[in-house]
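This report describes the disulfides of a protein chain and one patch on its surface. Please examine the sequence and the structure before reading on.

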Amino acid sequence: MTALFALALSLTIVPTADDPPSAEDPCDALHVAPEAANAELGEWTVDGQVRIADIGAPVGTPNRSVFGISPDDSQIAFTVRRAIPETNTYCQRLLVAPLSGEGSPIEVARGGEFIRDDFRLRDFTAILAGWPRTSAPRWSPDGMRIAYLRREAGSTQVWLASPTGQTGAVRATNLADDVDDFAWAQDGMGLIVSTRPAIRLAAAAIASEGTRGFLFDARFAPQAADRPIPTGHADPVYTWVSLRDGSSRPATEMEQVLIAPPRPAAIPDNARNVRSGEGGFSAWLEAEFPERLLSPTRLVLAAPDGSRKVCPVTQCDGMRKLFWSASERALFLVQRTGWADSQTALLRWDPRDAAPRQVLISDDVFMGCAPHANELICGREGSTQPRRLVALDMRTGSERLIHDPNPQLENMEYGSVQRFRFRLASGVESFADLVLPPTHQPGELHPLIVVQYRSRGFLRGGTGDEVPIQPLAARGFAVLSFDRPDFPPEAYLATTEAEIRTLSEDDWADRRQVQEALELAVRRAIETGAVDPSRMGISGFSDGGSTVQWALINSDLFQVASMGSCCEDLYSFALAAGPRFTEYLRDMGYRYFEPGAETFWEPMSLILNVDRIDVPILIQAGDSEYEGSLDVVETFSHNNKPIELYVFPDESHVKWQSSHRLAMYERVAEWFEFWLMGRLNCDPSREAQYARWSAMEGAPPTRDLRCHAEPLAGP
């Protein structure tokens, strides 16, 4: 039997099985109350962190409003989501609370599957994301019902709940396609919903090709699917649905406006984030250099008489969100500003004033904001403060709390946070946050772990949320939360994505600049006298994974590494992502499968530098992209270099399943403890893991290994 025939035969007989979905209500697990235990101990654990309750989506993902206010302005509705790793689910609860913040919220509905967001990627119509698709609940005009998105049996539809919670939630729509957005009809007797049937129809057309085999063309991305992926735009379709009998019809133009307001007349073509206010006022952002991809922006306010006021770029660049307050007739603004855009500012622009005035500036992050009267209601989080729902007075900047979904964290003992700010040789600003153990004493030296590649808001697990910062600090690590610096200055002249790289004479200018910033941040951490430079590890996900590669090849700073995605290298990286991505990379100046490719890749390739790298590498990847690491894993394994790959099923780039999040937290913590502390989780379930790691080249001697004083794994 030839090897090829044996492989073909094996593929026809490999059995597979999926864990059956749990019939239990995920919220029933809340009575286990790891919260109470954490509150009593005051110490961060990976199990406690994975169960933090969330309102809205993570920082760095689409920033949509997450709440709805009742018609009488007395109550606010919002959804709270908490991971239940035992059943690999989420407890999702629709709550109604007094808008005043006084009194406890009531649960009016619970349940539903995790709703994954999707996004357009190059020419692919929709790729599923690993973060939640958030949507604000909406009150009926009479205030007697709340409509919200809920996913059951693989279908996302609009459901209705009573604001009192006395009756169960009921499904209001039953369409063939997932509902993306919705609004109440003005009479409260129906809903206007938007869907994208083109995605379903394109997928059905592709499926029909399968009877004759799929042509391997630009529609393929092998990491994402084993068949072509729909391409092109999928325009929304608007439908009116009766709440009396469920019948539906195409929405009228007047009804469509309730979801998709038309662009106001006389707005320039290059305007974006256009917002219309009361009385004929409007505002928008426009690029100072429209031909450039990364142009600074200026803010324009237009009056009903056609006159305009322009806020200078020096004052108004970095605007992210614009809101008109009907009651105040003022424009509220959210801006990224400060050193390396590390701060958030809130501004208010009264039309009678020449320019906006700053109401508040903070290192905190504000998410899902929307105006109400003279307040901006947002999710707010800081480096040691998980997200809370707050109201910010847009005249004074004062804050009042509406709801804290994690009161159990009040007694938590956080590691101290120190921010480093530094300027690179190119003039680019950069920063990083050093988190020391809560028990740190002057003179103590701690092993250091670098977490990447954004350090904004609550210091949770880095981009991708895979490396638990506070639990690692609680175990005695110093953690450097490193924020990737912006592009080199020449990138701001680019008119296309390809030019961002190709405008530079150095193929790897961006990677060299990131490494420069990383080395400066590590040096500042060492200079505090709290970091042991002989025991340092680095972690990274996505672009942060590329930073790990570059650091391992071009420096000797780190003794151990962990990656949440891998690897930007010679072969598998391009092939696994498909022909369209390979051409996209070539347009950006990367070289693949051609003479001179190895010379080009020498500074970046783990494969070409395998003989020089003795750092143990852990890779925890989703099944949608692990193929991109296979050439590196095989090269390192064949050369007896310490490397280990884990593959999580049914995962996207950003991983979304709660049991996987807990497993990643636990494993990465145990990996760094093993290599940098000689410490073990001596639970019997870990014996095989430590047997493999102990057999790797450079592993700590068995005589130096010891059990951790406290259990590391969750229940």
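## Basis and count of disulfides

A disulfide is taken here as a pair of cysteine sulfur atoms within 2.5 Å. In general, a disulfide is a covalent bond between the sulfur atoms of two cysteines. By the distance criterion, the structure holds 5 disulfides. When the bonded cysteines are counted along the chain, the pairing pattern is 1-2, 3-4, 5-6, 7-8, 9-10.

The model is predicted: local features need pLDDT of at least 70 and side-chain atom pairs count only at pLDDT 80 or more, whereas totals for chains, interfaces and linings use all residues. Residues are numbered from 1 along each chain as its sequence is written, and side-chain values use heavy atoms, with hydrogens and water left out.

## The link of C27 and C91

The sulfur atoms of C27 and C91 lie 2.0 Å apart and form a disulfide. This link is right-handed, with 95 degrees about the S-S bond. C27 belongs to the loop between α1 (3-11) and α2 (34-41) and C91 to strand β3 (residues 89-98), so the pair ties together parts that are 64 residues apart in sequence. Helices (H or I, at least four residues) and strands (E, at least two) are DSSP runs, numbered from the N terminus.

C27 is buried at 5% relative accessible area, and C91 is buried at 2%.

## Two further disulfides

C311 and C316 form a disulfide with their sulfur atoms 1.8 Å apart. The torsion about its S-S bond is about 75 degrees, so the link of C311 and C316 is right-handed. C311 is buried, with a relative accessibility of 0%, and C316 is likewise buried at 0%.

C566 is joined to C567 by a disulfide with an S to S distance of 1.2 Å. The link of C566 and C567 is right-handed, with 65 degrees about the S-S bond. Both C566 and C567 are buried.

## A nonpolar surface patch

Y571, L575 and F593 form a nonpolar patch on the surface, and together they have about 300 Å² of accessible area. Accessible areas come from the Shrake-Rupley method with a 1.4 Å probe, and for residues only the protein chains shown count as cover. Patches are made of residues with over 30% relative accessible area and no salt bridge; like charges are joined within 9 Å, and nonpolar side chains (Val, Leu, Ile, Met, Phe, Trp, Tyr) within 5 Å. A salt bridge is a side-chain nitrogen of Lys or Arg within 4 Å of a carboxyl oxygen of Asp or Glu.

L575 is exposed, with a relative accessible area of 51%.

Notes:
Buried < 20%, exposed > 50% of the residue type's maximum accessible area, 1.4 Å probe, protein only.
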